[in-house]
Amino acid sequence: MSSSSFFTQGDARADVDEVPSIGIGMLGYAFMGRAHTNAFHKIGYTFWPPALRPRLVHIAGRNADAVAEAARRYGYDKSTTDWREVVNDPDVQVFDNGGPNDQHLEPTVAAARAGKHVICEKPLGRTADEAFELWSAVAETGVKAMTAFNYRFFPAIRLVKEMLDDGTLGEVRHFRARYHQEWLVDPETPASWRLTKEAAGSGALGDLGAHIIDLARYLVGEPESVSANTATFVEDRPGGHVDVDDAFDAVVRFESGALGTLEATRVAPGRKNHMRFEISTTKGAVIFDQERMNELKVHLIGTTPGDHAQGFRTVLVSETYHPYWENWWPHGHMIGWEDSFVHELEHLLSAIRHDKPIGPHGATLEDGYRCTEICDAILRAADTGERQKISYRGLSA
Ligand SMILES: NC(=O)c1ccc[n+]([C@@H]2O[C@H](COP(=O)([O-])OP(=O)(O)OC[C@H]3O[C@@H](n4cnc5c(N)ncnc54)[C@H](O)[C@@H]3O)[C@@H](O)[C@H]2O)c1
């Protein structure tokens, strides 16, 4: 392929006025509210033609001045401190919940009952009971509904999924994943909603662990049982008591027979956003590292005796034939963490426009719920010191 053809993606002719718009309502203007809004802006010109053109209608946050300022900066028509106004806004067709974990259930269910399609940040609930309630209530409404597990939308991770699905990698024997951050190393780091069971449900587990648990399910399949440890190293911080885990580690057996280790911590000095997994299979191995998100380390077992080409090699995931890359830049002109949200939210809009299912590549609310069952099992295993079986509830017909 000549390099000039890389530049033609944006030239595809489509009348922008023929693409229907869809009104977006957002809960939260801080980290996720901003990341998701950024993605809605990019969708309209990254995917061409887009499934739908997002129109930023209404945004909610706790602080009136800050949310009004965010509405101006981000381009929303209206702002409010009451999420109910967003949920009941007739110009809103998609409700995007980027609020803290204790704000997932009620607003998401209310939005679905008001006929809005919904996407909710992870963990879907503070507990499996709460996530199950959310999933059950939203399922009754028939709207499109998604859990915001954005790592599924990293091109390199999607490539791993393809290599597992098409048999290139064979059967998985080991899944070793870790998610390490350092932002709580300093005991003087103040308390926040993320450090309380009431607002967050759990600590590093629901915050970081949820991502690698979802990837374990997406890439390997259902875990069957788990044993685990949790630790809270600093129990009192300026502004509050910490009653959630700073860190956990878990040993998992999958239904397939594969073995896994999962660990997450917010007290790992030097680690910024170190999400890494290694999968060992019958035919080779792959390594993904979020801080090198456009690369994969791949080792495929040689077929020739004495093969000297064995060993890991680095694959730069940026070719037009790699997942999502037909929408982006010439190969080697890299995309970033924030672009996973562009892919994630486009997936939702495309499902709405073409009435397609969210799964298997998007995380459904059932996926979000199942993740919280595993989180609960990890906490039970750590509390009791005993290995826990994992089982799931289903919706009654
Ligand atoms: N997918 C990811 O990579 C990722 C990364 C970070 C956070 N998250 C998840 O996203 C969610 C939000 O996390 P965050 O880091 O953006 O949090 P944050 O603290 O940065 O932002 C929370 C936002 O919610 C608003 N808010 C809180 N309570 C509210 C209420 N009652 N009414 C209206 N607005 C309210 C706040 O004003 C703020 O704008 C959490 O569930 C978290 O687990 C996901």
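1. The model is predicted: local features need pLDDT of at least 70, side-chain atom pairs count only at pLDDT 80 or more, and totals for chains, interfaces and linings use all residues. Residues are numbered from 1 along each chain as its sequence is written, and side-chain values use heavy atoms, with hydrogens and water left out.

2. A polar side-chain atom of Trp193 is 2.9 Å from a ligand oxygen atom, and one of Glu121 is 3.2 Å from a ligand nitrogen atom. Ala30 places a backbone N or O atom 3.3 Å from an oxygen atom of the ligand. Of the 850 Å² of accessible area (Shrake-Rupley method, 1.4 Å probe) that the ligand has on its own, the protein covers 90%.

3. Two cis peptide bonds should be noted. The bond from Lys122 to Pro123 has omega near -15°, and Pro123 is in the loop between strand S5 (117-121) and helix H5 (128-139) (DSSP runs: helices H or I, at least four residues; strands E, at least two). The bond from Gly359 to Pro360 has omega near 0°.

4. Tyr324, not a glycine, has a positive phi of about 75°. Tyr324 is in the loop between strand S16 (313-316) and H9.

Technical notes
Polar contact = N/O pair within 3.5 Å; in protein donor to acceptor, adjacent residues only side chain to side chain.
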